[in-house]
Amino acid sequence: MFLAPRSLLVAAAALFVASGARAQDAEPNPRAVVAPTTPSWTRDLRFSGFVQADWGIVRQSSQDEVNAATGDPLNENRFLIRRGHVRADYDRDGPVFGSLELDANTVRAPTVRLIDAEASFRWPKAKDPESTSSFITTMGLFKIPFGFEVLEADNRRPFLERATVIRALFPGEYDLGLRFKVKWRALDLAMGLMNGAPIGERQFPGRDPNESKDMVARLGATTKPIDGVGVDVGVSGVTGAGFHKGTPSTKDQLVWRDTNENGIVEPTEIQVIPGSSATASQNFRRFALGADAQVRVAIPVLGEMAVRAEIVWAKNLDRALVIADPMATGRDLRETGYYAGVTQEITRWGMVGVRYDRYDGDADASRQAGAVVVPSRAVFTTVAVMGMLRWSPGRLILEYDHNTNPLGRDAAGAPATLKDDALTLRAEVSF
C-alpha cells in the first residue's frame, strides 16, 4: 500500500510528536525531590567523646626550671589538655561489634595516640538490656579488668585522677590482650590474657618484652539490698612475669678524682674501674590481689551519697612510680596501697567529695645512715577535697590535693618529704 506525499508528511509528524512525548516522560523532572538514602552501616555507627581542660592554679613542687636529666620543664602552674577522647562504636545489634578510641593531650607535648581498639563477639547475638546472662569475648586494646578505679570512665570519675596505688601498678589503665566477660544475674566475671605492658608504663609502653602473658581477673557483684541502697563489690587478681633488661659489656676505665681539689694529678687520686661482662635479660615473677567495694545511698532532697574503698597487695608490679626490678635490687619489692572516699550529690547541679589514698611502693626499703642501715619508707599519701558544678553535658571541678612525696631531697641532699600540694580547676564537656 502506498501513501501520498501529503499522507507521508502527516504520518512523520505524528511519529515525531509521539516519540517526543515518550522521551519527555523518560527524562527526570529537575524539580522533583528525591528522598536521600542513608547507608545501613552509618545507622549502626555512633560517635562520642569528651574534653578535659585543666588549669594548674598552684603546685608547691613547681619550679621555673628544667629537669637536668630529661630536659623537661618543671613548671606545673599551667593550662593543659589532660584528655581529649574521640570514640567510634559500631554495633548492628548482632553477634559482632567493635570500637575505636583516640586520645589527644598536652601533658608532655601535643600528642595523639590510640587508647582503645576492640573487636568483640557476644552471645546471645542480640543486645538485650533485660537479659540476666551474656558472654562477650574481646581481642584488642582495652582496660585492664582489675579493681574499681581502673575500669571507671574518666568522664564519670568524681575526682580528677585515680589513686596513687592504681596509677603506679596499672599506669595508663589500657593493655593489649584477649578478654572474656561473663554476666550471670548479679555476678560479673572478667578474665584477661594480656601483654603485661600497659600504655602508661615507663619502660615498654604498649609493647611486650617477653613471651609470658599476664593473667588478670575480676569477679564483681551488684545488688540492691533495700530500696534506695546499692552495693557493688569485687575481688581481683593478676599474675605474670616482669622483665629485667640486660646490660652490655664494659671496658676497664681509668678515673682521676681530684679529692683535695688542687688541680694536680696525684697517684692516690687515680682509680681503675674494672670492666664487666654483659648480662642477659631475665624474667621475674609478679602478682597482685585486690578488693573493692562501693555503697550508694539515695539521700532525700540532696541526691546520691557514695562511699568507695579499694585495697591492693602486690609484689614486683610497680611499673610507673617506684619501678620494681628485683634483679637490680637483689630482693623482691612488696607494694601495698588503698584508698577510701565519699561523695555527696547536691541536687543534680553539684557534688562534693573527699578521698584519702596511701601507697607504699617498697615495704622493705632501707638506706645507709652513716654506718647503720635504717628503714626508708617510700610512702605516698594524698588527701583530695573536691567540689563540682555540673550541667549536662558539662562539669566544672575544683580540687585541692594535699600530697606527700617521700622521694624528695632537702637543701643538703638528704632524703626528705617533698611538699607537693596542688590546686586544680578542670572544665569538662562530653559529647
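## Exercises on strands, rings and one valine

The secondary structure of the protein chain comes to four helices and 21 strands. The model is a predicted one, and the exercises below work through some of its parts.

**Exercise 1.** Describe how strand E3 (residues 96-105) is joined to strand E2 (residues 79-91) and to strand E4 (residues 111-123).

*Solution.* Begin with E2 and E3, which run antiparallel and are joined by eight bridges; in one of these, arginine 87 has glutamate 101 of E3 as its bridge partner. The two strands form a hairpin with four residues between them, and in the turn aspartate 93 has a positive phi of about 60°. Then turn to E3 and E4, which also pair in the antiparallel sense, over ten bridges, and here serine 99 has glutamate 118 of E4 as its bridge partner. E3 and E4 likewise form a hairpin, with five residues between them.

**Exercise 2.** Find where valine 182 lies, decide whether valine 182 is buried, partly exposed or exposed, and list the residues that valine 182 touches, leaving out those up to four places away in sequence.

*Solution.* First, valine 182 is placed in strand E6 (residues 174-184). Second, its relative accessible area is 33%, and because buried means under 20% and exposed means over 50%, valine 182 counts as partly exposed. Third, valine 182 touches Ser134, Phe135, Leu187, Asp188 and Leu189 when residues up to four places away in sequence are not counted. One of these, phenylalanine 135, is 47 residues from valine 182 in sequence, yet the two are 4.7 Å apart in space, C-alpha to C-alpha.

**Exercise 3.** Classify the ring pair of tyrosine 338 and tyrosine 356, and then that of tyrosine 359 and phenylalanine 380.

*Solution.* A pair of aromatic rings is described by the distance of the centres and the angle of the planes. The count of aromatic pairs comes to six. For tyrosine 338 and tyrosine 356, the ring centres are 6.2 Å apart and the planes stand at 50°, so this pair is tilted. Tyrosine 338 belongs to strand E14 (residues 334-346) and tyrosine 356 to strand E15 (residues 350-360), so the pair ties together parts that are 18 residues apart in sequence. Tyrosine 338 is partly exposed at 32% relative accessibility, and tyrosine 356 is partly exposed at 33%. For tyrosine 359 and phenylalanine 380, the centres are 6.5 Å apart and the planes are at 25°, so this pair is stacked. Tyrosine 359 lies in E15 and phenylalanine 380 in strand E18 (residues 379-391), so the pair ties together parts that are 21 residues apart in sequence; both tyrosine 359 and phenylalanine 380 are buried.

Notes: Residues are numbered from 1 along each chain as its sequence is written. This is a predicted model: local features need pLDDT of at least 70, side-chain atom pairs count only at pLDDT 80 or more; totals for chains, interfaces and linings use all residues. Side-chain values use heavy atoms; hydrogens and water are left out. Buried means under 20% relative accessible area, exposed over 50%, partly exposed in between (1.4 Å probe, protein chains only). Contact means heavy atoms within 4.5 Å. Two strands pair if DSSP finds at least two bridges between them. Rings of Phe, Tyr and Trp (its six-membered ring) pair if their centres lie within 6.5 Å; planes under 30 degrees apart count as stacked, over 60 as edge-to-face and the rest as tilted.
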